[in-house]
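Hi everyone, thanks for coming.

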Amino acid sequence: MVVVYIEDIARHVGQQVTVRGWLRHRRSSGKIHFLVVRDGTGELQAVVSKGSVGEEQFAQSAVLTQESSLMLTGTVRQEARALGGYELDVTGLQVVQIAEPFPIQPKEHGVGFLMEHRHLWLRSSRQHAILRIRHEIIRACRNFFDERGFVLVDAPIFTPNACEGTTTLFQTDYFDEKAYLTQSGQLYSEATAAAFGKVYCFGPTFRAEKSKTRRHLMEFWMVEPEVAFAELSDMMDLAEEFLSFIVQRVLETRKADLAVLERDTSKLERVVAPFPRVLYEEAVSLLQKKGNPIQIGDDFGGDEETLLSNEFDRPAIVHRYPSAIKAFYMQNDPVRPELALCMDVLAPEGYGEIIGGGQRIHEYDKLMARIREHKLPEQAFRWYLDLRRYGSVPHAGFGMGIERVVAWICGLDHVRETIPFPRMLYKLYP
Ligand code: 4AD
Ligand code: MG
């Protein structure tokens, strides 16, 4: 007797196999019970009759509740009318646990209720599809950089300094010192890029963002490439190639999951290079034409991002924002020093920013002046300044938030479903 996963069932037609899983639902017609079982890889209908399993097991299968765990042995049969095209004629049934009444029923539940039951909600076919796509996106990110000779060098989670502004730091005790949960691995990637040439880091990042929006999580995953001797335009090219690669991969490998989500894939098929490149100033005029009150010098908020990203049929690269509204480490445009050599990539269909990055200041004096201007603690940045003392070179990189990309590719209206256990404003359970 062979134990098989449902995704492999086609290879076992006519054979006696065992499937282990959970009961999705049961339907009975007198002498036969139809059990739909899921095992994480797929769903399969199993047919239980008194004649083939005997009185006792038949009675057991009659009281199985939704999500009861069980092991079924039987013969695999091709069945065009059945879900997935196969059925199992059960000859033996072993109940592992009879589930208590399952809180999540096949009916409408409020989001609050579902989030409270996130640990159980993950079993639904929709959540399953989203998280399979998330996995594929992460795999594609790694493949992309690995195939191009980038070295994975991860950054620490506990850090002594801020990277993306001091207002969104999560602070914690680190023995006798204070530490912060990292907001971005970038500063460390700048060190490792000087050691390995081209690197990426990929890990959880944290922001105490007091904003309750469909785009913000307190804990999210970021993939961050950093390249020595690279400039802003190199990052635009890289981001463009990277995003096209990811989207094409998901279209190739996760068609069925996209169908579960009823995603309009024709929109994703358009995600091919070149992407429009728009100066910040052009973006501001575009917004003003749409009736948005934004002025030169203002940063974009959620509304502006949504408006802008609805203007294009593929991701758009907005570049050269005013230095004054950007992070301390950003290099200035030599021609227009009031502008930063930075970019944001906005996903289409109203999704907004998914990538932020650009060129870094590589001159010691200039960086020191910035650190002082931003009133950052010089002591904590000694190591970062060292990078500008020993073989400093122009370098650039970017960070892409995984959850926002998952939300966009899956066509979701909120990032809360894109990560197994989202951490949101004042929400830490489960
Ligand atoms: O634009 P951000 O803040 O850029 C950085 O952190 C740079 N240090 C990255 C780099 O150059 N290596 O964040 C980068 C991306 C955003 O574009 C967004 O996709 C995601 O991280 N992000 C968030 N995702 C979910 N929830 C939040 N609160 C996020 N904040 C940023
Ligand atoms: Mg940003």
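Predicted model: local features only at pLDDT ≥ 70, side-chain atom pairs only at ≥ 80, totals over all residues.

Which residues come nearest? Out of 23 around ligand 1, those are Glu 164, Gln 186, Glu 224, Glu 353 and Ile 354.

Now, where in the fold does that shell come from? Three strands each supply at least two residues: β12, covering 219-228, β16, covering 352-359, and β17, covering 395-401. Of the elements here, β16 gives the most, with five residues.

Okay, on to some polar contacts. The side chain of Gln 186 has an N or O atom 2.7 Å from a nitrogen atom of ligand 1. Arg 207 reaches an oxygen atom of ligand 1, with a polar side-chain atom 2.9 Å away. And Glu 209 puts a polar side-chain atom 3.1 Å from a nitrogen atom of the ligand. How much of ligand 1 does the protein bury? On its own the ligand exposes 630 Å², and the protein buries 94% of that. The space it takes up is the largest pocket, by the way.

Searching the whole structure turns up 30 of them. One pairs Glu 87 with Arg 77, where the closest N and O atoms are 2.8 Å apart. Those two sit 10 residues apart, with Glu 87 in strand β6 (residues 86-97) and Arg 77 in strand β5 (residues 69-78).

That's it from me, thanks!

Definitions and conventions: Residues numbered from 1 in each chain as written. Chains lettered and ligands numbered in written order. Heavy atoms only, no water. Near = heavy atom within 4 Å. Polar contact = N/O pair within 3.5 Å; in protein donor to acceptor, adjacent residues only side chain to side chain. Areas by Shrake-Rupley, 256 points an atom, 1.4 Å probe, with all protein chains shown as cover. 1 Å grid on protein atoms, 1.4 Å probe; cavity = no way out; pocket = protein on both sides within 12 Å on 5 of 7 lines; lining within 4 Å. Sits in = over half its atoms within 2 Å of the grid points. Helix = DSSP H or I, 4+ residues; strand = E, 2+ residues; numbered from the N terminus. Salt bridge = Lys/Arg side-chain N within 4 Å of Asp/Glu carboxyl O.
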